[in-house]
Amino acid sequence: MIAQYPVLVVGDANVDLVVRGDVVPRFGQVEQLLEHANLVLGGSACIMASGLARLGVPTAVVAVIGDDEFGRVMRDALVAAKVDVSALQVDPQVPTGISVILSTADDRAILTLPGTVPLLTSEQVLAAVESSQARWVHFASPFLMPEFTAGLPTLLAKLKGRGIRTSLDTNWDPANEWAGLGEVLPLIDVLLPNRAELDAITAAVGEIPCRVVVKDGAAGGWSRSPDGTTVRAPGIHLDVVDTTGAGDSFDAGYLAAVAHGVTDEATRVRWAAVAGSLSTRASGGTGAQATRELLTEYLE
Ligand SMILES: Nc1ncnc2c1ncn2[C@@H]1O[C@H](COP(=O)(O)OP(=O)(O)O)[C@@H](O)[C@H]1O
Ligand SMILES: [Mg+2]
């Protein structure tokens, strides 16, 4: 099978500093010793783009980085992952964002400097769509990018007019208001929340008008069409090292299935859940993302 859909991924680019060990801070100038610290590619959009490219889908990313060391780490990591970075934007005035992730096997706390992340505009995204062959656009973390998100309904209407299909992983809304989704969701093909986000979004907008593909941690995930038909798929049991970005790898698995021509919805969810599970084998979002070959091994 060849990938039918070149995919454009739009959203957040930041480095992640993932630390593991004695990570619960104690104030009073206490020095605690860690077991691991890894500076890696972060941002839901970039982790997702890396996962898609690794699964053999031609993928480009649209996001903003700064002209600094962390920005170079991001660009190099995306290039190494074979993601097309020609639409990556650089703002020389603002530092690249960073998240410090205090990670344990079953939970994590995240300290984030947004940096360049909020600077993305819908004009930049439209220009990237126009200069690409993309037939599918995935949006990640809109609540971190207020200017872009204000223009999202107009942008989505334009994409729809061109026959381009779309998916959205909102991630958590730091304001916990979930504003604007009532206008956005009717224009989206697939929403990809985790369970907590699904509950918050449902409370905010009521019935969700598009297909919803839900991440359910160790249990895998499920997909519900607007008519209520639901299919489920389990992930796989393995020794979890770090779940950072597992949801983004899940998104990548789902869209890779779509792009590779898988039409059975339960099989798409299975690709997603297995891709999510496999990504938890190493620290950071992209360190253990599956190749097409590895995914296929686990699917069989
Ligand atoms: N403990 C786990 N064991 C196996 N797979 C997991 C585990 N946690 C997450 N996953 C995989 O990663 C996917 C996304 O994880 P989840 O934590 O639900 O999303 P998010 O990272 O968005 O919060 C799950 O659907 C599953 O496929
Ligand atoms: Mg997520």
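This is a predicted model: local features need pLDDT of at least 70, side-chain atom pairs count only at pLDDT 80 or more; totals for chains, interfaces and linings use all residues.
Let me start with K82, which has its place in the loop between α2 and β6, where helices (H or I, at least four residues) and strands (E, at least two) are DSSP runs numbered from the N terminus. Residues are numbered from 1 along each chain as its sequence is written, and chains are lettered from A and ligands numbered from 1 in the order in which they are written.

Back to the loop, then. The phi of K82 is near 65 degrees, a positive value in a residue other than glycine, and K82 counts as partly exposed because it has 14 C-beta neighbours inside 10 Å. On this scale a residue is buried if 20 or more other C-beta atoms, placed from the backbone, lie within 10 Å of its own, exposed if 12 or fewer, and partly exposed in between. D84 also has its place in the loop between α2 and β6 (89–91), and with 19 C-beta neighbours inside 10 Å D84 counts as partly exposed. Leaving aside neighbours within four places in sequence, D84 is in contact with T59 and A60, contact being taken as C-beta atoms, placed from the backbone, within 7 Å. The C-alpha atoms of D84 and V61 are separated by 6.5 Å, although the two residues are 23 apart along the chain.

Helix α2 (residues 69–80) lies across β2, β3 and β7 (97–103), and runs at about 75 degrees to β3; axes here are lines fitted to C-alpha atoms, for helices over the stretch in contact, and angles run from 0 to 180 degrees between N-to-C directions. The sheet itself is open, with 4 strands in the order β3-β2-β7-β8 and mixed pairing, where two strands pair if DSSP finds at least two bridges between them. Its edge strands, each pairing on one side only, are β3 (34–42) and β8 (108–113), and the twist averages 15 degrees from one strand to the next. Strand β2 (residues 14–21) pairs with β3 in the antiparallel sense over 8 bridges, and L34 in β3 is the bridge partner of G21.

Where does S141 sit? S141 is found in the loop between β9 (136–140) and α4 (146–150), with phi near 60 degrees, a positive value in a residue other than glycine. S141 is buried, because 27 other C-beta atoms lie within 10 Å.

Further along, strand β13 (residues 221–224) and strand β14 (residues 230–233) pair in the antiparallel sense over 4 bridges, and G221 stands opposite A233 in β14. Their hairpin has 5 residues between the strands, and in it G228 takes a positive phi near 95 degrees.

Helix α8 (residues 246–259) and helix α9 (residues 265–279) pack at an angle of about 145 degrees, with their axes 7 Å apart. Among the residues making this contact are A246, G247 and F250 of α8, together with W271 and G276 of α9. Both α8 and α9 supply at least two residues each of the shell around ligand 1. Of the 17 residues around ligand 1, K215, A246, G247, G276 and S277 come nearest, a residue being near if its C-beta atom, placed from the backbone, lies within 6 Å.

Note on methods. Two residues are in contact if their C-beta atoms, placed from the backbone, lie within 7 Å.
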